[in-house]
Amino acid sequence: MRYDSITEAIGGTPLVRIDPAVHGLRNIDLYAKLEMLNPFGSVKDRAAWNMARPGLADAGERAATVVELSSGNTAKALAVIAGMHGVSFKSVTNRMRVPEIKDLLLLLGAEIEELPGQTECLDPTNTEDPLTLFHQKLSEPGSASLHTDQYFNELNTEAHAAGTGPEIVADLDGRSPDWFIACVGTAGSSTGVARVLREHDPAVRVVGLVGEKKDFIPGIRNVDEVNQVGLFDPATYDSIETVSAEEALDGMLTLVRRCGILSGPTGGAAYFGAVRQLRPVDEELDSPANSGPDAEHPAERHADRRRQTAVFIVCDRVESYLSYVRQRRPELLGRPPVKNSVATLTDAELQAATVIDTADAQKWIAAERPLVVDLRGPFAYAALHIEGAVNIVDELFDELIRGGLPFSKRQPVLLACPVGEKSAQYAALLTRMGHPDVRSLAGGIIAWRDAGAPLVRD
Amino acid sequence: MDSAPLYLEPHLEPSLASLLDSAAFLHTLVDALGSPLNVVLPDEIARNVERFRAAYRRHNLAGQVFFAHKANRSSALVRRLAATDAGIDVASLGELQHALGAGFAPDRILATGPKNPEFRWLAARSGVTVSVDGPEELEELDALVGRHGLPPVRVLLRLADFEAPGAKVLSRQTHFGTSVKSLDQLLDVVERHQEAIRPIGVAYHLDTTSLDEKAIALEGCLLAMDALRKRGFQPRVIDIGGGFGVNYLAHAAQWERYTTELTNAVLGKRPSMTWSGHGYGLRAENGTLRGTLSLYPAHRPVAGAAYLDELLSLPARALGRPLGTLLLENLYDLHIEPGRSLVDQCGLSLARVLEVRRTDTGDHLVRLAMKANDASLEEHGVLMDPVLLPRGGVAAATGPAAVHLTGNLCLEADLITRRTVHLPRLPQPGDLLAFANTAGYCMDFSATHAQQQPIARKVAVHRDGGSWRWCLDEQYWPITRPGGQQI
């Protein structure tokens, strides 16, 4: 396929059947709409392009900035689109809780503004609601901005009513699925797709998924926040269900490990919510009472009249969420222990490490000139250190010695850290690795200072 | 919609829970001393200091824990604190006198906030460390020292408007401290007055629950300390203020359900949960929720010492290492000024039920011998149920009741809380309502003599074996147990 612009590659995403052996539903075909395969990586590419396109030329002329309240995929797509059109982009957010996404946005050239947190001492007369301030700023005279306003902009919904929805119907041979399950973020995709599916078949059941309040799922509003979304209309959904972050991760793991679909947690939540919703329906379809023609699903609908179809949306890809996974399921990212690691030291080895107090260390330095290694960070080292010390910050030192001793066994070494705890561990480790004369500064640089020994700044 | 009562039960640790189990004792106190009545538990403040100390130990950090005195005026709490190794942060002449009189030596006192000349003089005269807002205050201190032949004053430079690389983090406007952008000019003033002023470090205090904002400020302080060192000073202290927070509620699920239902009520999807449909900052526009919930996050899984621990574990944006590690390896002491979190679980406020009536609309009104500002939970946005202590220990045999709590002022606005409060039983005249955990700001910070109604008296209590002993707050000294026995 040949395109003149990457934006033409937005949409036209595949609908992929999930292997029944994975979800275990016998009477329902479950399909994933792979919005993660949009060129900028998510379902938001469609909305971002549809919302920004009409105003881009004008924004370029008056040097306006594209502005959006977004903590993730919409910001990512808008940053790319703005960049392609020579327009700057600013994302304002109080929800950017996944650090990789922040870095990625900065890489794409976006400016990020984070709104302040809640006050600790409540001032009930304070009218400084951060969002109100944001809107005031936008409407200030002379503020050149193009606010795409994804939570209220009808063009967001329209992108899916014109694209995502019809694509699903076409891929199901002109029919609506029996079930459509979607996570609710801006409500744009679920509302737009539901509108199209209902036009084809009013019997389609639409399930909206929102997050539980105790933890967040990126890109999904929780049960309260969803009410702040202008595009959200409860009547769009036959039911609203909640999904927890844990369940989203369970769903995501199934998709990435068993289905070959590298989905992020939002898609995981949709998969989990879909299977949970459909399992009792599937059992119902199994029961003998349902063996006859089903009034709701006329015979012409499916060759096997008891079979149903369901579609859920895979919003984006897994790669941006490694720190999200690491915080909640560190064991999934576990690595085998390394050979020369302080974690493997025994108590006996730690006890046997040679420590030396400040007075003796000063004499030893004067007499034998040991290599003094300061394990603190470079900022602290630059401010004050023992004269002649070299600075190898602990995390670097840790990597360095995995491969073996970084200095000769004939060279005596004095290790120093803030309180003498880490230096004792490394002294023990280097001793185990065969170094004959490594000593740890007892009480560390703090004891050295408190003893009145000299510290210098270069 | 679920119609079960919307409880917000207070989080109670063993001491406060056991005190609330002693209804007869609390009734006796109110019978003798009147309603409202504040009760403090001095021993709890020592336990809270120890929790912060444990967080310090986890990061190998030295430094001082200063109680922000403004959170509570109690003498018992301050005197009990003086018996620990903690310090105190005073923000007025009266608070400084109180701290000195309670046994705090000047090296354990920090004077902060807006100061009048008398407050500044007593601080400088007695050798208390002064947190200064800007160059003007440095000039004033210098003049004071010169005029009265005082010893040099140890100062902390309070800074504000920190910036960090990467994503821009906005903070609320503050009228305290000097912008870090003007640090050089501030240090010029310090240098000019070296004879009178000894900068021991820098400080910030941000009124926010956001860890990110505080992390940026702390990193900004590390950089500012380096600027001081470059000029030849030997600063040693970074003071990160307070704002560590308190967890008020026992159950996350109750808080989540309550806030969800409040949202529904504002949207008209369920009957109102408040007096006159008040929305606590939320409102509905065309079926969409607008505004921001202006309530204290009453259920906070990470608060107090745990919040400090989390802040110290965050990596600095530019310097890369965890903030606690950076403090440690730069050989700095960490000072903190917790208020609310240091008096967590340290007290409660009692009010007598005067009248219970049913209005034409079927609402229960419960009138208390207390003004709204006698337990100003509402003013601080803390939603938490009072505990019902029936007179004679026997509750009326009714089921759960939804009530409105009104105060003793002849004023429509004198509602103890604007929300409908769900109680397990309908209170009766003579019963007590106990507002738990009010020692941080909610007990006496806002209490007034409006309409010549009394301000609550305060008593200190101590559990002695199976029974509770008490004394008036001003009679308490840590060497005698309430009730007289010397320790």
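Predicted model: local features only at pLDDT ≥ 70, side-chain atom pairs only at ≥ 80, totals over all residues.
View 1. Leaving aside residues up to four places away in sequence, Lys70(B) touches Asp89(B), Glu95(B), Tyr441(B) and Phe445(B). An unreviewed UniProt entry annotates Lys70(B) as "modified residue: N6-(pyridoxal phosphate)lysine".

**View 2. Crossing of helix 8 and helix 9 in chain A.** The axes of helix 8 (residues 245-258) and helix 9 (residues 265-286) of chain A come within 7 Å and cross at roughly 95°. The two helices of chain A, helix 8 and helix 9, are therefore roughly perpendicular to each other. Helix 8 of chain A contributes residues including Glu247(A), Met252(A) and Leu255(A) to the contact, while those from helix 9 of chain A include Pro265(A), Tyr271(A), Phe272(A) and Arg276(A). By class, seven nonpolar, four polar and three charged residues form this contact between helix 8 and helix 9 of chain A.

**View 3. Interface of chain A with chain B.** Here 46 residues of chain A are in contact with 54 residues of chain B. Between them, chain A and chain B bury about 4,300 Å², with 51% of it on carbon and sulfur atoms. Of the area that chain A buries against chain B, 19% is supplied by Gln118(A), Glu120(A) and Phe379(A), more than by any other three residues.

Notes. Residues numbered from 1 in each chain as written. Chains lettered and ligands numbered in written order. Heavy atoms only, no water. UniProt positions renumbered as here; feature names shortened; annotations may be inferred. Contact = heavy atoms within 4.5 Å. Axes fitted to C-alpha atoms, helices over the stretch in contact; angles between N-to-C directions. Helix = DSSP H or I, 4+ residues; strand = E, 2+ residues; numbered from the N terminus. Parallel < 35°, antiparallel > 145°, perpendicular 65-115°, else oblique. Nonpolar A, V, L, I, M, F, W, Y, C, P; charged D, E, K, R; others polar. Buried area = accessible area lost by both parts, 1.4 Å probe.
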